[in-house]
Amino acid sequence: MVGYDKDGSPPFNRVLYRIEKGDQDKFVIDADTGIVRVALGATLDYNAKAHHLLEVYMVDGGGLKSSPAFVNISLVDVNNKVMPTISTIAQSPFTTQIRN
């Protein structure tokens, strides 16, 4: 996420990010950069919950809070079940010879 505060005077022009609603046990936001990441130790399961919605606010150095920004995170389903495989060894009717 990227946000700006048009107040040009420090410290009021500094913007910090925070998640106020949503799956805060699953996701964290870097307060300085606004980068959203999966929280340490969190597990995401498409079959349990495929979509996550975060409500994020910016707060400036004077304590003023922005309108909410909504971050919609959609998981992609992957095959996490090991499929059985069948191995067969068959004799080939063909013979290969290599000559020097």
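This text walks through the fold of one protein chain and then through some of its side-chain contacts. The model is predicted.

Start with the whole chain. The protein chain has 100 residues, and buried residues make up 20% of them. Its accessible surface comes to about 8,300 Å². Carbon and sulfur atoms account for 55% of that surface. The secondary structure holds five strands and zero helices. Read from the N terminus, the elements run β-β-β-β-β. Now take the contacts between residues at least 6 apart in sequence. Of these, 43% join residues at least 24 apart.

Next comes the sheet. Strands of a sheet pair through backbone hydrogen bonds, either parallel or antiparallel. Here, three strands form an open sheet, in the order β1-β4-β5, and the pairing is antiparallel. Which strands lie at the edges? They are β1 (15-21) and β5 (69-74), and each of them pairs on one side only. Neighbouring strands of this sheet are turned by 35° against each other on average, direction ignored. Look at β1 and its partner β4, residues 51-60. Six bridges join these two antiparallel strands. Arg18 stands opposite Tyr57 in β4.

Stay with Arg18 for a moment. Its side chain meets that of Glu20 in a salt bridge, 2.7 Å from N to O.

Now move to Asp23, in the loop between β1 and β2 (27-29). Asp23 has a relative accessible area of 15%. It is buried because buried means under 20%. What does Asp23 touch, leaving aside neighbours within four places in sequence? It is in contact with Lys49, His52, Leu53 and Leu54. With His52, the side chain of Asp23 makes a polar contact of 2.5 Å, side chain to side chain. With Lys49, Asp23 forms a salt bridge, and the closest N and O atoms are 3.0 Å apart. Lys49 lies in the loop between β3 and β4, and Asp23 in the loop between β1 and β2, so the pair ties together parts that are 26 residues apart in sequence. Lys49 counts as partly exposed, at 38% relative accessibility. Elsewhere, salt bridges that share partners join Arg18, Glu20 and Lys65 into one network.

How many salt bridges are there in total? The count comes to four. One of them joins the side chains of Asp32 and Arg14, at 2.6 Å from N to O. Asp32 lies in the loop between β2 and β3 (36-38), while Arg14 lies in the segment before β1, so this pair ties together parts that are 18 residues apart in sequence. Asp32 is partly exposed, with a relative accessible area of 49%. Arg14 is partly exposed as well, at 47% relative accessibility.

Asp77 is found in the segment after β5. At 45% relative accessibility, Asp77 counts as partly exposed. Asp77 and Ala50 are 27 residues apart in sequence, and their C-alpha atoms are 8.1 Å apart in space. Not counting residues up to four places away in sequence, Asp77 touches Tyr46 and Asn47.

Note on methods. Residues numbered from 1 in each chain as written. Predicted model: local features only at pLDDT ≥ 70, side-chain atom pairs only at ≥ 80, totals over all residues. Heavy atoms only, no water. Helix = DSSP H or I, 4+ residues; strand = E, 2+ residues; numbered from the N terminus. Buried < 20%, exposed > 50% of the residue type's maximum accessible area, 1.4 Å probe, protein only. Contact = heavy atoms within 4.5 Å. Areas by Shrake-Rupley, 256 points an atom, 1.4 Å probe, with all protein chains shown as cover. Pairing = 2+ DSSP bridges. Axes fitted to C-alpha atoms, helices over the stretch in contact; angles between N-to-C directions. Polar contact = N/O pair within 3.5 Å; in protein donor to acceptor, adjacent residues only side chain to side chain.
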